[in-house]
Amino acid sequence: MSHQNHLTHEQLCDLLLANSQLSEPQAQHLRVCSDCAAEYASLRESLTSFRSATVAWASHASANRSWSSPAQLISTRPSRWSSIAGRLSAQPVLWASAAVLLLAATLPFTLHRHQTVAVAPKAPAQVQQTDRVGDEALLEEVDQTLSSSVPTPMEPLADPTAGRSSQIDSTPRKN
Amino acid sequence: MSTKALATNLLSDAAPPTTVPTPFDDIASVIDTHRPRVFRFLLASLRDTDLAETLTQETFFRAWTSRSSFRGDCSVISWLTRIALNLVRDHTRTHRFQFWRRVSAQAVDATEIASFLPHPQSLAESRLIATEQVSLLWETVSELSPRQRTIFLLRFVEEMELTEIASATGIPLSTVKSHLYRALANVRARFDQTTRTAL
């Protein structure tokens, strides 16, 4: 590996992933190539610092938690949502927002239901009144028809010449 | 077959199956040994102390209840990591929009994590550089894909071997390496970008 050809990304990663001994060609390159050596050192240092900070932070956080004892842990199932619920209960703004949203969502349905309830009784009453009048008229007509001695279709036809016969008879025929 | 032999056979058939002892039978010892590591991994993955605590306890509870399925074909920490990973996956599936994390008062930012950097006797300048590097890495890790982030944390925080990561995640070794290459490419790109901006 020459000085001019820098380490590829994979080679640099392999160096970072290597636990102990670096492979000889790559180690040799790092000795002669200051660019690659600087980049490798910077990445290695950053990763080490990142680990140190994360470990220290986790240790600090762990020390401040109230851990269940093993006996408690295996006797009661830990509730995943208990801590989240606890956090939410400490958020009055969230609860107020949720209440407003719920009210806004249910208001149109409530108004619509009131309108429907108010209009609904009127319509059947009108329909019933109209039907009752119609039924009574129909029954009356049927009664009249039945009470007549001769059915209407059987009544004698009126004489179409009834009005003119007297005039004809009264006029003397002359041949 | 003699009467005695028959009775022995009947007794052996009627006997309950013998349970193989596992390391999880002594759950107190397992918790004592591995809880800091499991909590640290969950905390670094979720960045939420309450949630990390809850999932840590659930990890050990599940390890206890399903201890009979532990065959010993991987290490205890690999098995625990696998359980923890499943819990994280379930959590992120059911909270796709990250609402709960947003409302969490426990969320941690880059400056807070960098403040935990131990540098008792270092110079102010090198301390400043290290703090900036940690902040950059913290932000870059948060932007990785969930799988890349998991593998990155297992390698560079938990210092697990690549074969161990493959065993815990169920991902082939070559894919684990590919994810690490990509994650480190993102880190390098972020560092380059910051250097160019500073110049």
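## Reading the model

Because this is a predicted model, local features need pLDDT of at least 70 and side-chain atom pairs count only at pLDDT 80 or more, while totals for chains, interfaces and linings use all residues. Residues are numbered from 1 along each chain as its sequence is written, and chains are lettered from A and ligands numbered from 1 in the order in which they are written.

## Confidence in chain A

Let's begin with pLDDT, the predictor's confidence in each residue, from 0 to 100. Chain A has a mean pLDDT of 71, with 53% of its residues at 70 or more.

Over residues 165–171 of chain A, pLDDT stays under 50. The model has zero contacts beyond four places in sequence for this stretch; two residues are in contact if their C-beta atoms, placed from the backbone, lie within 7 Å.

## Chain B at a glance

Chain B has 10 helices and zero strands. Here helices (H or I, at least four residues) and strands (E, at least two) are DSSP runs, numbered from the N terminus.

Of the 199 residues in chain B, 34% are buried. A residue is buried if 20 or more other C-beta atoms lie within 10 Å of its own, exposed if 12 or fewer, and partly exposed in between, with C-beta atoms placed from the backbone. In helix α8 (residues 146–156) of chain B, the buried residues include Ile151(B), Phe152(B) and Leu153(B). Their cover includes α3 of chain A, along with α2, α4, α7, α9 and α10 of chain B.

## Where the two chains meet

Helix α1 (residues 9–17) of chain A packs against helix α10 (residues 173–198) of chain B at about 105 degrees, with their axes 10 Å apart. Axes are lines fitted to C-alpha atoms, for helices over the stretch in contact, and angles run from 0 to 180 degrees between N-to-C directions. α1(A) is therefore roughly perpendicular to α10(B) (65 to 115 degrees; under 35 is roughly parallel, over 145 roughly antiparallel and the rest oblique).

Residues of α1(A) in this contact include Cys13(A) and Leu16(A), and those of α10(B) include Leu180(B) and Tyr181(B).

## A pair within chain B

The axes of α2(B) and α4(B) come within 10 Å and cross at roughly 40 degrees. Among the residues that meet here are Val30(B) and Phe41(B) from α2(B), and Ile77(B) and Leu80(B) from α4(B).
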